Amino acid sequence: MEQLLWDKKEHYFGNVKYNSTHYVDIKYLGEDNLTTDNFIVNCSCTTKSYNRDTKTVTLGLNMNQMGNKISVVTVNLPNGKQDLLLLKANVE
């Protein structure tokens, strides 16, 4: 069985206002020492920061388009594997 690396791999912000920014903390459950550079965002609408002490990545999503908003964050793990974190919202 594969090790669970995150307390959640997907977050739905729900119905949010256009041009607002929302944040979520996702805890890393693995053993590797990650840095902010391990997290690759797919657009400038997504921000990232990583706290090595708490092993928590904070992802911010700017709601810069109406309707369904999706952002995929690629995590480059030290062992050469990749993982994906998904952020979703419905922008009104």
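Me: Where is aspartate 83 found, and is it buried or exposed?

Reply: Aspartate 83 is found in strand β7, strands being DSSP runs of E of at least two residues, numbered from the N terminus. Buried means under 20% relative accessible area, exposed over 50%, and partly exposed in between (1.4 Å probe, protein chains only). Aspartate 83 has a relative accessible area of 12%, so it is buried. The model is a predicted one, in which local features need pLDDT of at least 70 and side-chain atom pairs count only at pLDDT 80 or more, while totals for chains, interfaces and linings use all residues. Residues are numbered from 1 along each chain as its sequence is written, and side-chain values use heavy atoms, with hydrogens and water left out.

Me: What makes the approach of aspartate 83 to lysine 9 a polar contact?

Reply: A polar contact is a pair of N or O atoms within 3.5 Å; within protein, one must be able to donate a hydrogen and the other to accept it, and residues adjacent in sequence count only if both atoms are side-chain atoms. The side chains of aspartate 83 and lysine 9 make such a contact at 2.5 Å.

Me: Which residues does aspartate 83 touch, leaving aside neighbours within four places in sequence?

Reply: Contact means heavy atoms within 4.5 Å. By that rule aspartate 83 is in contact with Leu5, Trp6, Lys9, Val73, Thr74, Val75 and Leu77.

Me: Why is leucine 84 called partly exposed?

Reply: Leucine 84 is also found in strand β7 (residues 82-91). Its relative accessible area is 45%, so leucine 84 counts as partly exposed. Asp83 belongs to the covered face of β7, together with Leu85, Leu87, Ala89 and Val91. Leu84 belongs to the uncovered face, with Gln82, Leu86, Lys88 and Asn90. Not counting residues up to four places away in sequence, leucine 84 touches Lys9, Val72, Val73 and Thr74.

Me: Which strands pair with β7, and in which sense?

Reply: Two strands pair if DSSP finds at least two bridges between them. Strand β6 (residues 67-76) and β7 have 10 bridges in the antiparallel sense, and threonine 74 stands opposite leucine 84. The hairpin of β6 and β7 has five residues between the strands, and there glycine 80 takes a positive phi near 95°. β1 and β7 pair in the parallel sense over five bridges, with asparagine 15 opposite asparagine 90.

Me: How do you know that histidine 11 counts as buried?

Reply: Histidine 11 is found in strand β1. Its relative accessibility is 19%, so histidine 11 counts as buried. The side chains of histidine 11 and lysine 8 are joined by a polar contact of 3.5 Å. Not counting residues up to four places away in sequence, histidine 11 touches Val24, Leu86, Leu87 and Lys88.

Me: Why is the pair of tryptophan 6 and phenylalanine 39 called edge-to-face?

Reply: A search of the whole structure finds three aromatic pairs. Rings of Phe, Tyr and Trp (its six-membered ring) pair if their centres lie within 6.5 Å; planes under 30 degrees apart count as stacked, over 60 as edge-to-face and the rest as tilted. The centres of the rings of tryptophan 6 and phenylalanine 39 are 6.0 Å apart and the planes stand at 65°, so the pair is edge-to-face. Tryptophan 6 lies in the segment before β1 (10-16) and phenylalanine 39 in strand β3 (residues 39-41), so the pair ties together parts that are 33 residues apart in sequence. Tryptophan 6 and phenylalanine 39 are both buried. Trp6, Tyr28, Phe39 and Tyr50 form one aromatic cluster.

Me: What makes the link of cysteine 43 and cysteine 45 a disulfide?

Reply: A disulfide is a pair of cysteine sulfur atoms within 2.5 Å. The S to S distance of cysteine 43 and cysteine 45 is 2.1 Å, and the structure holds one disulfide. The link is left-handed, with -50° about the S-S bond. Cysteine 43, at 26% relative accessibility, counts as partly exposed, whereas cysteine 45, at 5%, counts as buried.

Me: Which strands form the open sheet, and in what order?

Reply: The order is β2-β5-β4, with antiparallel pairing. The edge strands are β2 (21-27) and β4 (46-51), each of which pairs on one side only. β2 and strand β5 (residues 56-62) pair over seven bridges, and isoleucine 26 has valine 57 in β5 as its bridge partner.

Terms used:
Helix = DSSP H or I, 4+ residues; strand = E, 2+ residues; numbered from the N terminus.
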